[in-house]
Amino acid sequence: MDDAGSDPDLVRELAELAAEFARGAAALVRRFSARRVVVSTKSTDTDLVTDADRATERWLVAQIARARPGDATLGEEGGARAGRTGVRWVLDPIDGTVNFVLGLRRYAVSVAAEVDGAAVAGAVCDAASGELFRAQRGGGAYLDGRRLHGPRPVPLAQAVLGTGFGYDAGVRARQGELLAAVLPRVADIRRLGSASLDLCAVAVGRLDGYFETGLSPWDHAAGALIASEAGCLVSGLRAEPPDERLTAVAGPVAAAELFSLLDELLAGPLSSSGSTSQPSARPS
Ligand code: LIP
């Protein structure tokens with residue numbers, strides 16, 4: 001990260017805007033949930049998108065253009081725009097779209113601000129409850145103004161982990177095999193349907209950890225920063241940053257065992273891409 005990313009005034013401005021945008025977009029989503037939405041599909045027949053997703057992302061992109069006209073955007077519903085400032089906004093207008101369509105009250109707006117490719121500010125607003133999770137790099141993580149300190153100090157065998165699954169049948173088959181291998185090693189699993197809220201649940205201690213393969217940047221960009229700033233350990237495959245191969249988060253007591261288990265299981269045919277590359281050792 002260059003100087004811009006360590007500019008405290010810029011990071012503070014981005015953090016305030018991320019919270020403002022997430023809260024405003026969540027209010028827009030709530031207005032949609034009061035009436036029937038138009039549902040269509042994307043990558044598969046189960047990968048749903050609604051007019052609420054698209055309208056909320058358009059609103060977010062317009063707010064960003066108004067507040068910081070030179071910034072880039074990357075949104076789940078196609079809101080990609082180049083920028084000239086080094087700042088990129090990573091947006092999921094409704095994370096948990098299937099929950100939203102079904103009326104399951106667990107879906108969120110996720111807004112992250114990156115400087116030179118690294119997230120420095122993020123906000124996740126639960127559109128059903130109104131809870132606002134937020135963080136800025138080096139500034140801690142908060143839920144409605146209350147400082148967050150991560151999950152209880154339990155080992156992996158006593159941990160309740162969140163996870164999730166993709167929309168492609170082949171990917172889901174491998175994710176099911178990964179889950180079957182993890183399940184005997186933990187206390188329990190929760191599949192709650194929103195990656196950003198799952199990551200925030202670890203930050204606030206409502207889950208002891210979380211892992212998922214196949215995520216997109218907009219699913220994890222804000223929630224991973226919030227979890228990290230709450231004192232959790234965040235990792236991708238083999239100690240790399242989170243990406244579509246793996247996003248994993250846990251508290252300090254369970255993290256090393258969880259990450260090593262996932263590295264071992266994903267070294268072979270269980271990887272979301274099916275790659276069988278040999279694992280390099282995770283630095284101790
Ligand atoms: C969802 C994620 C969830 C994952 C789903 C889907 P969406 O995001 O939040 O964790 O398991 O497959 O990717 O599609 O609702 O924005």
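Author: Gladly; we will go through the sheet, the helices, the cores, the aromatic pairs and the ligand site in turn. This is a predicted model, in which local features need pLDDT of at least 70, side-chain atom pairs count only at pLDDT 80 or more, and totals for chains, interfaces and linings use all residues. Residues are numbered from 1 along each chain as its sequence is written, and side-chain values use heavy atoms, with hydrogens and water left out.

Reader: Let me begin with the sheet. In what order do the strands of the open sheet lie?

Author: Strands (E, at least two residues) and helices (H or I, at least four) are DSSP runs, numbered from the N terminus. Two strands pair if DSSP finds at least two bridges between them. Here seven strands form an open sheet in the order β3-β4-β5-β6-β7-β8-β9, with mixed pairing. Its edge strands are β3 (72–75) and β9 (146–147), each of which pairs on one side only.

Reader: How many bridges join β4 to β5?

Author: Seven bridges join these antiparallel strands, and W89 has A113 as its bridge partner in β5. As a general idea, side chains in a regular strand alternate between the two faces of the sheet.

Reader: What should I look for around β7?

Author: Look at both of its neighbours. Strand β6 (residues 118–126) runs antiparallel to β7 (residues 132–136) and is joined to it by five bridges; A121 is partnered there with Q136. Their hairpin has five residues between the strands, and G130 in this hairpin takes a positive phi near 85 degrees. The hairpin of β7 and β8 has four residues between the strands, and G138 in the turn has a positive phi of about 80 degrees.

Reader: Now a helix. How many residues of helix α5 are buried?

Author: A residue is buried under 20% relative accessible area, exposed over 50% and partly exposed in between (1.4 Å probe, protein chains only). In α5 (residues 195–204), ten of the ten residues are buried, so this helix is largely enclosed by the rest of the structure. Among them are D198 and C200. Just after α5, G205 takes a positive phi of about 90 degrees.

Reader: Where is P153, and is P153 buried or exposed?

Author: P153 sits in the loop between β9 and β10 (160–162) and, at 67% relative accessibility, counts as exposed. P153 and D208 lie 55 residues apart in sequence and 8.3 Å apart in space, C-alpha to C-alpha.

Reader: Which residues have the most contacts inside the largest nonpolar core?

Author: The general idea is that nonpolar side chains tend to be buried together in soluble globular proteins. A nonpolar core is a set of buried Ala, Val, Leu, Ile, Met, Phe, Trp, Tyr and Cys residues joined through side-chain atoms within 4.5 Å. The largest one here has 37 residues, and L14, W89, F100 and V111 have the most contacts inside it. At least two residues come from each of α1, α2 (51–67), β4, β5 (108–115) and β6, with the largest share, 14 residues, supplied by α1. Apart from this core lies another, of 31 residues, including F133 and L215.

Reader: How many aromatic pairs are there?

Author: Rings of Phe, Tyr and Trp (its six-membered ring) pair if their centres lie within 6.5 Å; planes under 30 degrees apart count as stacked, over 60 as edge-to-face and the rest as tilted. By this rule there are two pairs. In one, the ring centres of F21 and W89 are 5.4 Å apart and the planes stand at 65 degrees, so the pair is edge-to-face. This pair links distant parts of the chain, F21 in helix α1 (residues 8–33) and W89 in strand β4 (residues 87–95), 68 residues apart. Both F21 and W89 are buried. F100 and Y107 are also edge-to-face, because their ring centres are 5.1 Å apart and their planes are at 75 degrees. F100 is buried at a relative accessible area of 7%, and Y107 is buried at 4%.

Reader: Finally, which residues come nearest to the ligand?

Author: A residue is near a molecule if one of its heavy atoms lies within 4 Å of it. Of the 16 residues around the ligand, D95, G96, F165, A195 and E212 come nearest. A polar side-chain atom of D95 lies 2.5 Å from an oxygen atom of the ligand.

How values were computed
Polar contact = N/O pair within 3.5 Å; in protein donor to acceptor, adjacent residues only side chain to side chain.
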